[in-house]
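Please keep the sequence and the model in view while reading.

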Amino acid sequence: MGNWVVNEGLSILVILVWLGINIFLFVYYYIVYLDERFYYTRVLVGDALSWARAPAACLNFNCMLILLPVCRNLLSFLRGSCQCCSRNITRQLDRNITFHKLVAYMIAFHTAIHIIAHLFNFERFMDAQLEQNETIAYVLSQIGNEDNSSYLNPIRTNETNPTFVAFTTIAGLSGVASTLALILIITSSMEVIRRSYFEVFWFTHHLFVIFFIGLVIHGVGEIVRGQTASSVLENKPNICATQYKDWGKVPDCPIPQFTGNPPMTWKWVIGPMVLYVFERLVRFWRSKQKVVITKVVTHPSKTLELQMKKKGFKMEVGQYVNLQCPSVSQLEWHPFTLTSAPEEDHFSVHIRIVGDWTQQLFEACGGEKKEFQEAWKLPKMAVDGPFGTASEDVFRYEVVMLVGAGIGVTPFASVLKSVWYRYFNNDTGLIPKKIYFYWLCRETNAFEWFADLLQSLETQMLERGNADFLSYRIYLTGWDEAQAAHFTVHHEEENDPITGLKQKTLYGRPNWENEFKTIAGNHPGARIGVFLCGPEVLAKSLSKQSINHSDADPRGVHFIFNKENF
Amino acid sequence: MGQIEWAMWANEQALAAGLILLTGGVVGVAGQFKDWQFAAYGVAAGVFICLLEYPRGKRKKGTSIERTGQRYLTVCVKAFGPLTRNYYVRAGLHAVLSVPGGFMLPTVLGCVCVAIASLIYLLAAIRGEQWEPIMPRVESKERPGQSMKEPPSNPPPRPPAELRRKRQEDAAYVNPIPISVNSV
């Protein structure tokens, strides 16, 4: 039976709370501007005032939130210090980018409402200023012509137009600048651009600096005006509004005085801005620490392995680092999963050559050359991280299912190596009692660098007589006729013709339904961690299977699905 | 930055700009603003730009992902031949289309966004990019295992039947009916 609540419950709760706060802020600030103080403002612009101020409040809230999920080091710190917290809470921290995107969509949505409302505001203020007859709008617009501080209508002359006013006020200019920055950020963050042209996405995203500057100075002009508190006592709108022709002439109704709201946004965003600046400083400082490349290995299937050392570097299994190679590019940082185990004296990454940066790194590290490279010829590297991912949780489950697709197997390389070391050292703290490992791969070449690791593990376990500890399946999802002929001939042999392992390579995609059923049957009542590093489609499928095969009964078997992808 | 096809980003920007211009136009017309004629223009221009930019072009390298239902518009856009293929033309067209939006506040944002899209298209044109239509694939591959009605089109490699029979003792279950030479 499905146990959707266990897997998704906390995330849904967080989203609902966030939506609830948005709705509350919207309604609350809508009502604030229905107050008496803004009676005369509303005479000029009507409901458009509330429709502009309510999303503004929501914008303050969301702009405060948007910087937080991208403070990687802060989140890593929270994750680390949260060892005592339940797995569920730390798992929410893995969904930081999803939350960042949701908040971004909300910002775009509220920006749209805010702008449309202000379009009406500008138009109506202009109409009021253009009044020829002595209507209340005309009288209100004339207030403040002598002194510049008590005006109501921010458009002060009738010889202008809304467009001109928009571009000559601080609020207008900063608004346009921020909105343009936001639009450019959003269009360059579309999946198509982000996945294929990462640099465009990354550099354009830094327009957020302009966005925040515009946001903070947006209210400095104080052009949203309402009656001062003292003026409301003297000139009560419900009584005096109809007597607008006699304001100042009648003792009951002096001319109303107006003032603007001081800017509030900075109070909301200053905290996260400081945190984010701090985050970038930490990243910069970490990147300045000396990193030495100790070994470079070129693997088939265009994969480069870099083994490095850095003083004080501590990692956990399955974490990732951001690498920068100044000789290739001063500005680009790219994330790579660590493929080494914490027990080793170095850390390593396996980099697949897919684009400009990876290709240039390959050449800089002497990948093209056959002969031995001197250590001093290797490029300087900078490393930021390591950052936490769900793989750290692997050791918290008694039974784990690890699924890696193609290059997605890399975090599990780290896990399995660590398992090997702990096994080797007879580590009694080794919690997992059974590991099911699935590797889905298209090309046979990709096996080589990983096959060695699996071979060592296989031998180790046979020696210890615990061949059942690690159960692994390798699925080859694409083959051609030449390969098929080769397999057919070698079918009888004890070791697999591709990997040299005792476990035979399987073909096609796994039947997940069967796999989950079998595993559930083997371990009733256990909490089974399912870890995937692979494409979205597979994630959906496994997530569904995890939910379907989990018992509704809390004492029954539970599959907890964890996904990571970059 | 060598591999970037700027046209991809220009396309996203132009589509967004079209929507913004359209929205601004609708506000201007619905609110009966002064100079609403420019808003009406904004609606028309916005719709036109959206229709023109909706079909994504084919990427030179990598897989091109279509937008939902873009096939019909692809045919229309393709029909204009060099006018839509050439990005200089598009850059110029967007530059011209953006100008009337600048005369009225609701459409100003649309105007600037379309102008930016025009600039990015200009960059794409300078780099020699072209709009190629994404043509529909002939048929999609049948996934193994999902249809049980037909024999697998690309069955996993197996040794000849005699060898397979020898491994019967490894089988998960024993077939109650003995296998003859003709059964597979």
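The model is predicted.

**Nonpolar cores**

- The largest nonpolar core comprises 34 residues, and those with the most contacts inside it are Tyr40(A), Leu44(A), Leu140(A) and Trp247(A).
- At least two residues of this core come from each of helix 2 (39–45), helix 3 (48–66), helix 6 (96–129), helix 7 (136–142) and helix 8 (162–168) of chain A.
- Helix 6 of chain A gives the most, with 6 residues.
- Leaving aside neighbours within four places in sequence, the contacts of Trp247(A) include Tyr40(A), Leu140(A), Cys253(A) and Pro254(A).
- A second, separate core has 33 residues, among them Ile4(B), Tyr87(B), Ala124(B) and Ala125(B).

**Helix 5 of chain B**

- Helix 5 (residues 87–98) of chain B has 12 residues, which at 1.5 Å a residue should span 16 Å; the end C-alpha atoms are 16 Å apart, in agreement with this.
- The buried residues of helix 5 of chain B are Tyr87(B), Arg90(B), Ala91(B), His94(B), Leu97(B) and Ser98(B).
- Seen down the axis of helix 5 of chain B, these buried residues fall within an arc of 135°, so they line one face of the helix.
- An α-helix has 3.6 residues a turn, so residues three or four places apart point the same way.
- The cover over the buried residues of helix 5 of chain B includes helix 1 (6–30), helix 2 (36–53) and helix 6 (105–126) of chain B.

**Salt bridges**

- Over all chains, the count is 11 salt bridges.
- Arg72(A) and Asp384(A) form a salt bridge (3.8 Å, N to O).
- Arg72(A) lies in helix 4 of chain A and Asp384(A) in strand 8 of chain A, so this pair ties together parts that are 312 residues apart in sequence.
- Asp384(A) counts as buried, because its relative accessibility of 1% is under the cut-off of 20%.
- In another salt bridge, the closest N and O atoms of Asp345(A) and Lys309(A) are 3.8 Å apart.
- Asp345(A) is exposed, at 60% relative accessible area, whereas Lys309(A) is partly exposed, at 38%.

**A buried lysine without a salt bridge**

- Lys310(A) belongs to strand 4 (residues 303–310) of chain A.
- Lys310(A) is buried but has no salt bridge, and the nearest side chain of opposite charge, Asp384(A), is 6.4 Å away.
- Leaving aside neighbours within four places in sequence, Lys310(A) contacts residues including Arg286(A), Phe347(A) and Val383(A).

Terms used. Residues are numbered from 1 along each chain as its sequence is written. Chains are lettered from A and ligands numbered from 1 in the order in which they are written. This is a predicted model: local features need pLDDT of at least 70, side-chain atom pairs count only at pLDDT 80 or more; totals for chains, interfaces and linings use all residues. Side-chain values use heavy atoms; hydrogens and water are left out. Helices (H or I, at least four residues) and strands (E, at least two) are DSSP runs, numbered from the N terminus. Buried means under 20% relative accessible area, exposed over 50%, partly exposed in between (1.4 Å probe, protein chains only). Lys and Arg count as positive and Asp and Glu as negative; His and the chain ends are not counted. A salt bridge is a side-chain nitrogen of Lys or Arg within 4 Å of a carboxyl oxygen of Asp or Glu. Contact means heavy atoms within 4.5 Å. A nonpolar core is a set of buried Ala, Val, Leu, Ile, Met, Phe, Trp, Tyr and Cys residues joined through side-chain atoms within 4.5 Å. The expected span of a helix is 1.5 Å times one less than its number of residues. The arc is that of the directions from the helix axis to the C-beta atoms.
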